[in-house]
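This report treats the model domain by domain and strand by strand. The sequence and coordinates follow.

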Amino acid sequence: MDEKQIIHVLHEIVGNDFVSNRPEELFIYSQDSGASEPRSVDYVVMPQNIIEVQKIVRLANREKIPITPMGGGLTLSGLAIPVKKGIVMDMKRMDKIIEINEFSRYAVLEAGVTTGKIKAYLDENHPDLQPPIPDAPPSVTVAGNMLIHGSGYLSQKYGCHSSLINGLEVVISTGEICRFGSCAVSDYWFSKGPIPDLIGLFTSAFGTMGIITKISIKLFPKPKFRDLVFGFLEGFLDLPKIMSKITFTELAEDIMIGKSDVQEAFKNFASLMVYIVGNSKEELNFKRKTIEQIFEEYDARVAPLSGRIRDIMMSQPQYGAALAADWKKGGGFEYVGSFIPLEKIPEAIEKGTKISKKYGLIPSLLCRLIGRGHAVMFSVTFPFNRANPKDMINTRKGLEETNKMILEIGGIPWKSELGGQKLIMEKMDPNFKKIFKNIRNIFDPNGIMNPGNWDD
Ligand SMILES: Cc1cc2nc3c(=O)[nH]c(=O)nc-3n(C[C@H](O)[C@H](O)[C@H](O)COP(=O)(O)OP(=O)(O)OC[C@H]3O[C@@H](n4cnc5c(N)ncnc54)[C@H](O)[C@@H]3O)c2cc1C
């Protein structure tokens, strides 16, 4: 089929308003806010239901046209920008909240439901429940975030978001609809097992295994009270010990460590942010006192917060993260996020600081504990000015060097752009690579699903 015939078939599937090959509309799909080079897109299509997804995928498979699924398109590392042209399938119209189960505490969502939508819906209709969502802008999709091992305010307590998926409905490249998790057997999307867990094949796969059309996520009780124990620790060497001690108490909801050189006087200090929750003031006070005692044991200074900064940190983390991302006012932001072992925090901070400085940035680093201290999400941020080509080149070099450093210290870059994926593949067990390739071949024999990602 030629381009004219393909666009005609796509029009027939989704209607004239939801497919385009016009350059001015493809432009925004060819790049994101990160530092990846823009890449060409041939078509963008916005299906409204699974039958439309199935028809588009069958067309693409027949014609061997690459397909890249996209949620909010905000990973910043170019993961929803096609590497080999073809179709971007924008999932935003598939945004129905299908089911909220209050007793087994899960939500079944179409893939285009945003984190803003599920949060607002639960706040209004199920105020005792809360979703696991990231500090990313509320226009990102729940599926996009859960699928990339995202993390947020509940991740310290319950694990990274990929581990909170109960079930998936997927259209694979042949057009077959497959269900994974308990929904493969039961009408209840309440659990991954007790059957072999294939859900993991779709996480951090960056759309290479199929198009997820529905996702079931775990929901959690929303406590009545929330508070923040904030403080500073001079030096970084004691961070693993103090963090380990705090996680052993099992009293913290969310734990973050910040390191920023924006204010010269604070450049040798780590800021400690320990969020606590409870259903009574007494419970909260007990937790606060226990955490403060641990701070004191390690000579960390407790620093009560108030005013606007406290408001943002307590109830508007998405706004705070967006402000931090945009501090250079240059319209560009990317970060190397990574999973590292807890004991590697001091080394990561020291080396991340050096890299930032080398590339002319004011070091700004963040750690978030994942799954009660079993891992740390460590990030080095790179805000940059898109209008300045030198800034873009610097950022790309800085990202690459940070990816290498993370791998050298035993960590793994997270949601990595193409260059980072290659570095990971170089270090990967060859048998893992072989099996992964074979599995991809089963799901996608013609190599149409976001090809170019996870290729060595
Ligand atoms: C200021 C800022 C703060 C951030 N803070 C956080 C944070 O606290 N925690 C965090 O985890 N992230 C954070 N992020 C990173 C990122 O924005 C989020 O992880 C976001 O949730 C990604 O979701 P998305 O919908 O934009 O995914 P997309 O970029 O659209 O997609 C991500 C990947 O999944 C694939 N994909 C998307 N939808 C589907 C589907 N239906 N089927 C198959 N594959 C699919 C895409 O092809 C792509 O490879 C932040 C970003 C910014 C800009």
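How many bridges join β8 to strand β10, and how do the two strands run? Six bridges join β8 to β10 (residues 211–218), and the two strands run antiparallel.

## Basis of the values

The model is predicted; local features need pLDDT of at least 70, side-chain atom pairs count only at pLDDT 80 or more, and totals for chains, interfaces and linings use all residues. Residues are numbered from 1 along each chain as its sequence is written, and side-chain values use heavy atoms, with hydrogens and water left out.

Strand β8 spans residues 165–171, and seven of its seven residues are buried, so the strand is largely enclosed by the rest of the structure. Buried denotes under 20% relative accessible area, exposed over 50%, and partly exposed the range in between (1.4 Å probe, protein chains only). Strands (E, at least two residues) and helices (H or I, at least four) are DSSP runs numbered from the N terminus, and two strands pair if DSSP finds at least two bridges between them.

On the β10 side, leucine 168 has isoleucine 215 as its bridge partner. Five bridges join β8 to strand β9 (residues 177–181), again with an antiparallel course, and valine 170 stands opposite cysteine 178 in β9. The hairpin of β8 and β9 has five residues between the strands, and there glycine 175 takes a positive phi near 95 degrees.

The size of an interface is often given as the accessible area lost when the parts come together. Domain 1 and domain 2 bury about 1,300 Å² between them, with 74% of it on carbon and sulfur atoms; buried area is the accessible area (1.4 Å probe) that two parts lose on being put together, summed over both. Across this interface the rule finds zero salt bridges, a salt bridge being a side-chain nitrogen of Lys or Arg within 4 Å of a carboxyl oxygen of Asp or Glu. Two residue pairs are in polar contact across the interface, both at pLDDT 80 or more. A polar contact is a pair of N or O atoms within 3.5 Å; within protein, one must be able to donate a hydrogen and the other to accept it, and residues adjacent in sequence count only if both atoms are side-chain atoms.

## The eight-stranded sheet

An open sheet of eight strands has the order β15-β12-β14-β13-β17-β18-β16-β19, with antiparallel pairing. Its edge strands are β15 (301–302) and β19, each of which pairs on one side only. Within the sheet, five bridges join β13 (residues 254–260) to β17 (residues 364–370), and serine 260 stands opposite serine 364 in β17.

## Buried charged side chains

Aspartate 227 is located in strand β12 (residues 225–234) and counts as buried at 14% relative accessibility. The side chain of aspartate 227 makes a polar contact of 3.2 Å with the side chain of arginine 310. Leaving aside neighbours within four places in sequence, the residues in contact with aspartate 227 include Val274, Tyr275, Arg288 and Met314.

Lysine 287, in helix α8 (residues 281–297), counts as buried at 10% relative accessibility. Not counting residues up to four places away in sequence, lysine 287 touches Leu251, Ile276 and Val277.

## Backbone exceptions

Most residues other than glycine have a negative phi, and most peptide bonds are trans. Leucine 76, in the loop between β3 and β4 (87–90), has a positive phi near 80 degrees and counts as buried at 8% relative accessibility. Aspartate 299, in the loop between α8 and β15, has a positive phi near 60 degrees and is exposed, with a relative accessible area of 68%.

A cis peptide bond joins glycine 193 and proline 194, with omega about 5 degrees. Proline 194 lies in the loop between β9 and β10.

Definitions and conventions. Contact = heavy atoms within 4.5 Å.
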